[in-house]
Each structure stands twice: as structure tokens, then as C-alpha cells.
Amino acid sequence: MACTFQFLLLGSSFLYLTFVSLAQTFHSANALVFPITKDVNTLQYVTTILHGTPLVPIKLVVDLCGPFLWTDCASRYASSSSRPVPYRSIKCLTAKAHVVGSKNCLSGAQKCEIFPENRIVRLGARGELVEGTIAIQSGDDSKAAGPTATVFQQFLFSCAPTFLLNGVASGAKGMLGLGRTRISLPSQISSALGTHPIFTICLSSSEGIMVSDQGPDHHGSIFGPEISRSLTYTPLVTNQGDNMLSEYFVGIKSISIEGKRLSLNASLLSLDGEGVGGTKLSTIVPYTTMESTIYATFIEAYIKAASSMNMIRVASVAPFRLCFSSKGIESGQSGPKVPVIDLMLQSEMVKWRILGGNSMVRVNNEVMCLGFLDGGLNPRTSIALGGYQLEDTLLQFDLGSSMLGFSQSLSMMQGSCNSVFKFDSRPIESL
């Protein structure tokens, strides 16, 4: 296939562009790179892509379980860069869009309506499925002549009303959905490039990164063999609920604190036929939430374990319930030395270990709090593993085989999100 190569002057540097049609197959660089930063005010994770005609940087909040990319199309580039998708088209059917008979004032065709949602504030609205141009920073492990980006010219996304931006990080113009749908960003990339649908994300309080791995050896081609061999794998649970197909669930069978297994209602840990219960991963929940009865048992066990380690309880600091004095608590390679939390997965041998760096939140110089919150009675999801607990952990989502690979805390390997990858991960707007 013949591809078009151009360059864009961005700041004081040239950005080399490779244009790819979503209707064609093209094998680009080893990976597409999304540098991620954490907004200190909202605790949301934000990335930047190039969008529109001409290409301009826009910031988007990363929503791991979001079904698709949506953005406020009220910008001055929207009319020239976004093309409505007709409601009877294959693309509309692919999006599994809800269709209404209203007319599109720009083209006279009927709209393909879908429903973008700001899942942070739980607000949704009618939106229109459109296609347009985006560019994503490319990366590989070779010395390139200059920064490069891959351009997708028929990328499907939703135009959303401006009020959906309420509650998102300052400067963000929408949300980037990475969920398990046919029009999420990872699915569209793999479809366009004819590659295995897989992406890796590493959140951080400073510089995180998300990578869509397009290399010939998609397992470990973007980070070193030591990290690749250290990943533990667990199946992604298929959710039967009609409204939650885009979310990533894992099968937690039990929870232990300092090696002692908690007595929990096992039915809450599994998904029922309506998609209620279970454990999901989330980048829009700042701290892990647990159904109230699970949380009560969890807190009681943690207090006993903390007492045995001579940790001193202090007054609660909102939004946290359980807080401790920092005095006398030693710090190690993986954060404060506090009770170890283990999430048991498909067997007792497969566990997700949460150490002090991911369990305790330092609220000031004298107080640290357990970063787990009460999710209330009868929530739709029993446990939502929040961003703080996911930080400094390599998460590899293999959509083709429905598997999740996860590392131990990178701090245990004296690493960080940026250090484990083999290419430049500076934000595209700074190149």
C-alpha cells in the first residue's frame, strides 16, 4: 500500500507524519505513544493527541473503560475536519449506535446518534458519530531522524455538547475511551493497521505513558525482556450486562491482608447475569472503592494488622476513613512499610500485591491514610480498582485473547513508567 508522508512544523521542530486510512492496512513503527500526566486538582489522567484540520494538539482525559473518544466539537476546526456518519452506514452499525430520524443540518443526511458520557460526573447526552483526522506520536527502539506521528484520516469519534466537559481537568476537550468496543481507540488502531489488538498503560503521579504496541512481537517488543518476563496474566472477565460491555473486569476470588484471608460474601466478588458485582479497573476513580460490607470487613482486618505493626491511628481526613501517624513508620523501596494487601485472582498462586506506595496516601508530613473508600450499599460494581492503586504498575491489555498482564510495582525493580519503555515519550506538543 502506498502511504503519504508529510511533515508538520510544531513549535520549533518538524514532526514527520505518516497518513493511514482506516480502510487500509499499514504496518507503522513498533508502537504508538501517548504520554500521560496526572492533573493535581482533579486526580484525572490526561493525554494529548493531534486532531482536526489543520492538526492541533488537544488534551483528553483518559477513560480506561470508556467506549469511544468524544470531544467538544464547538471549536473552529470542527466543521472542516469532522464528517457526519450516515445512520444507515456500516460505520454506524459498527458503533452499535442508537439511531433517530433527525436531519443533519450540514449534509441533509440523517444523524448516526450515539451517547457520549462523562463518567466522572455520571452525565450523558446525545451526540453524533463523526469521522475525522487524528495523529498519534509514533515510537520505536531505533534512532529516528526526527519525531514522527501516524495520522488516521477516518477515525470515528463522537461530537458531544460542551456541558459534558463539566468536571474534567482544566484544558481537556473530551475523553479518550480505551474500552472493549469496536470503536474504542485501541480497536480502531488495530483494525486500521492490521495488528494484534493490544495496548499497555502505566499510570504515574508524574510521567505516565500508554502505548499501542504494533511490533511484530507484541508481547514485550516495547519494553525489555526482564519486564516482559515479570508480567503475571489473568483473564479479563466477560461482562454480561448490556450497558457495561466496554469495561475491564478481573476475577478476584478473595482478599488477604498480611497473609490472612478475609471472610467475604463470594457472590459480591463475581459478576451476575446482569453485570452487577465483580471487580473492574478504572482510571476515572481516583481511589479504590468497595461495596460497604466488603469495605467494613477490609477496614477491620487492616486495623488489626496495623495494630500488630504498632501503627498509631489518628483522626480521619476526608475522603479517607482510616488514617495513621507517619511517625515510626519506616519507608522502603516501595513506599511506607505497612500491611500488605493481596488480591487473589484465578488461584492462590496468582495474586495482585498492593504495597505501601499504592495503599497509603500521604496527606501531610504527619499523617497518611489508607487509600480505599466506601463505595456504598448495592453499587453496580462491588470493587473498582482506582487510579492510585494502579500507578507504577505495568498493565498490558490483550484484547485479542482477553487477558490482562500486570507487573509488580515498578519501584520494586527500581524503575518507573518512562524507564521501562525503549523510546522517547515526551508529549507530542513539546516535540
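Visitor: What joins Cys 202 to Cys 417?
Guide: Cys 202 is joined to Cys 417 by a disulfide, with an S to S distance of 2.1 Å. Please note that this is a predicted model.

Visitor: Is that link left-handed or right-handed?
Guide: The link of Cys 202 and Cys 417 is left-handed, with -75 degrees about the S-S bond. Cys 202 lies in strand S14 (residues 198–202) and Cys 417 in the segment after strand S33 (403–406), so this pair ties together parts that are 215 residues apart in sequence.

Visitor: And are those two buried or exposed? Cys 202 to begin with, then Cys 417.
Guide: Cys 202 is buried, at a relative accessible area of 0%. Cys 417 is buried as well, at 1%. The cut-off for buried is under 20% relative accessible area.

Visitor: How many disulfides does the structure hold?
Guide: The structure holds four disulfides. With bonded cysteines counted along the chain, their pattern is 1-4, 2-3, 5-8, 6-7.

Visitor: Which cysteine forms a disulfide with Cys 73?
Guide: The partner of Cys 73 is Cys 159, and their sulfur atoms are 2.0 Å apart. The torsion about their S-S bond is about -85 degrees, so this disulfide is left-handed. Cys 73 sits in the loop between strand S6 (70–72) and helix H1 (78–81), and Cys 159 in strand S12 (residues 148–160), so the pair ties together parts that are 86 residues apart in sequence. Both Cys 73 and Cys 159 are buried.

Visitor: What about Cys 92, which residue is it joined to?
Guide: Cys 92 is joined by a disulfide to Cys 112, S to S 2.1 Å. The link of Cys 92 and Cys 112 is right-handed, with 95 degrees about the S-S bond. Cys 92 belongs to helix H2 (residues 90–94), while Cys 112 is in the loop between H2 and strand S8 (113–114), so the pair ties together parts that are 20 residues apart in sequence. Cys 92 is buried at a relative accessible area of 1%, and Cys 112 is buried at 0%.

Visitor: Moving on to Ser 89, where is it placed?
Guide: Ser 89 is in the loop between strand S7 (83–84) and H2. Ser 89 is buried, since its relative accessible area is 17% and the cut-off is under 20%.

Visitor: What does its side chain reach?
Guide: The side chain of Ser 89 reaches the backbone oxygen of Pro 86, at 2.7 Å.

Visitor: New topic: helix H6. What should its 17 residues span?
Guide: At 1.5 Å a residue, the 17 residues of H6 (residues 292–308) should span 24 Å, and the end C-alpha atoms are 24 Å apart, which agrees.

Visitor: Which residues of H6 are buried?
Guide: They are Ser 292, Ile 294, Tyr 295, Phe 298, Ile 299, Tyr 302, Ala 305 and Ala 306.

Visitor: Why would residues three or four places apart point the same way?
Guide: An α-helix has 3.6 residues a turn, so residues at that spacing point the same way.

Visitor: Which exposed residues does the face turned away from the buried side of H6 carry?
Guide: That face of H6 carries the exposed residues Lys 304 and Ser 308.

Visitor: And what is the phi of Asn 310, after H6?
Guide: Asn 310, which follows H6, has a positive phi, near 60 degrees.

Conventions:
Residues numbered from 1 in each chain as written. Predicted model: local features only at pLDDT ≥ 70, side-chain atom pairs only at ≥ 80, totals over all residues. Heavy atoms only, no water. Disulfide = S-S within 2.5 Å. Helix = DSSP H or I, 4+ residues; strand = E, 2+ residues; numbered from the N terminus. Buried < 20%, exposed > 50% of the residue type's maximum accessible area, 1.4 Å probe, protein only. Polar contact = N/O pair within 3.5 Å; in protein donor to acceptor, adjacent residues only side chain to side chain. Expected span 1.5 Å × (residues − 1).
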